[in-house]
Amino acid sequence: MSRLDPPRVSRRSFLSLASVGSFFVALGTAAVGMLRLPNPAVLPGPVRRFKLGPPEQFSAGSETPFADQNLVLFRDDEGFYAISSTCTHLGCTVARSKDGFACPCHGSRFNSKGSVVGGPAPRPLPWLEVSRGANGDLIVNADNEVPEGTHYRV
Amino acid sequence: MAETATKEFLHNLHELPQTVKDSCFRLGKEPESEREESQATFHNLFLHIHSVRVHVRTLKPTLTFGLGLAATASFLITLITGVLLMVYYKPSTDLAYQSIKDIHFTVSTGRFIRNIHRWASQLMVLVVLLHMARVFFTASYKKPREFNWLVGLGLLVITLALSFTGYLLPWDQLAYWAITIGSNIANSPRELTDAIGITKFVDPGGFQKRLLLGANYVGQDALIRFYVLHVFVLPLALVTLLGVHFWRIRKDGGLAKPEDPPGGLAEWGGERRPVFQPLATKTYGLMALVKGKRPPVNRGPENTVMSWPHLFWAELSVFMVTVAVTLILAFYSDAPLKELANAAIPENPAKAPWYFLGLQELVSYSAFMGGMLIPMIVLVGLALIPFLDRRPGGEGTWFGTSHERSVFWQSLFFACAVTVGMLAFTVNYGWLRNWFPNIQQLWIIVINPGSLFVLIFAAWSLFILKRKNSVRLAAVSLFTCFLVGFTLLTYFATVHRGPNWHFYWWPSQWPAH
């Protein structure tokens, strides 16, 4: 039998092949379609721009934890900066330790600038964008990271 | 005519209880002969998954310790108590915690039912793990039972998933931070994709996290998803797989057992047990035949007994023991409920339930390696066992082939030494990040105590493979290492990890805060 003379496919085997094939195509399509539903089109979430109050209320050299916002606001000679207190490992909230931050869940340790000094955290604690609102209040946008060392001067 | 109809009616009315009873049970009476005993088995929807005769060897308690049945029993207990808890539980972030408190403090028997649910689920996890170890060490995964080993692994995964989704529902501190950590573990492939810089194009981690949370924060969307998984999807999957599991036990020829000695099997137990009563009016139908080397028909005496009542007594007693253990635990020990979920601050230390603490220890080395890759490697490794160890022998006997026991003990000591040594080293000297603060994350993902455990255990198993020239012994060494690693890591994280995941000899030394 040559390539030019392929074996004849009977009508019955062609039809059964087609029905099995279409079943699996339909199954695959349905599976993809069903995965699309639980994959949210819109990610709902609270606004993560926080108004922290007028700059005067934070003295130079101060650090102010904002527990509900999961961040710590610092002020030094160069200005303001905010460091997120959400661990970059698995999302627990880090607490202030003697020389930086420590995570209660898996033992990641960061120095007071947020750099990793121990434990499993893959990245330093993010520095967050600090700005001022129309009335002069400090605003931290927790969705916007800025490079480490970025200070906001008042 | 009218009078006879009335009489007939009254007669039927009088006979009503008996006729209703007879219609329910196809046999209609206590079985008296072996034929009727087998009918009692295969004429009953719930019993007919059993073979009508069962080998005495498989009834011996020390072969199985009834572990599979105890797992099933504890699942049935969680199923029933779970439905009861659903009556009051409200899957809403505002109401969940209060509804659990209501169940605990106000609902009549609510506290007891919740305790039973919790203890049965803990027991289920423990017993499923022990059952797997039993099946492994009695070599019961060998042909033709390879597929059922895979089904069993699926059941193990579903059992753990049910436990995990279960303790998320009270929306207390444990729940909230477990969801946070769990969804971030699902997100942890990003550790890898970030390290090689492809997250923008391929982001399986982000997809998994979105699928679990349904939002970019842990809230109502996440709770309802885990609720649906816990009360519907996972139990349905478990029941389905459980059906396949049981069906395959039957079709694969019952529990694994060694070949009976040829001709006459009287050596075992010293009694001869005839298969068929000489006076049986009818031979057994095909229902009595199961997959095996030879059908038992016309084969003379063999070491089997009727399933009714012998097997059913045994099963019932395992079931009752499981219920009793659960009830006693539930009576004396309350299921915990921590403080209301607080998104601002986790507990310190924030510990998972015991069966995930080994995993938590691994995750504290690297989220991706410990939380995703190693569990995946372990599962794939376990799944491959029956397909790599294919030489028959030792089925249905504890440590059945030669040298198994000694390899088991050697591996036990080896794995203990490696695990303790590695943990002691990590606690004392830290790991790469402490020595090279600027090291690339990729190095830590690849080289950490967890991945070294896997490597060393695999190397040990290869060493046994070469030295003992036996695939089964290599599998024994690897499985023993896995069990020891799991147990020791669980113990270590339970007892010796304290606030900030620091090492402490005892919880009493934890600093007050």
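**Figure 1. The disulfide of chain A.** With -95° about the S-S bond, the link between Cys92(A) and Cys105(A) is left-handed; a disulfide is taken as a pair of cysteine sulfur atoms within 2.5 Å. The S to S distance of this pair is 2.0 Å. Cys92(A) sits in the loop between strand S4 (79–84) and strand S5 (95–97) of chain A, and Cys105(A) in the loop between strand S6 (100–102) and strand S7 (109–111), so the bond ties together parts 13 residues apart in sequence. Strands (E, at least two residues) and helices (H or I, at least four) are DSSP runs numbered from the N terminus. The model is predicted: local features need pLDDT of at least 70, and side-chain atom pairs count only at pLDDT 80 or more, whereas totals for chains, interfaces and linings use all residues. Residues are numbered from 1 along each chain as its sequence is written, chains are lettered from A in the order in which they are written, and side-chain values use heavy atoms, without hydrogens and water.

Figure 2. Cys103(A) is in no disulfide, and the nearest cysteine sulfur, that of Cys87(A), is 3.9 Å away. Cys103(A) is buried at 1% relative accessibility (buried, under 20%; exposed, over 50%; partly exposed, in between; 1.4 Å probe, protein chains only). Cys416(B), also in no disulfide, has its nearest cysteine sulfur in Cys481(B), 9.4 Å away. At 28% relative accessibility, Cys416(B) is partly exposed.

**Figure 3. The contact of chain B with chain A.** Chain B contributes 36 residues and chain A 31 residues, contact meaning heavy atoms within 4.5 Å.
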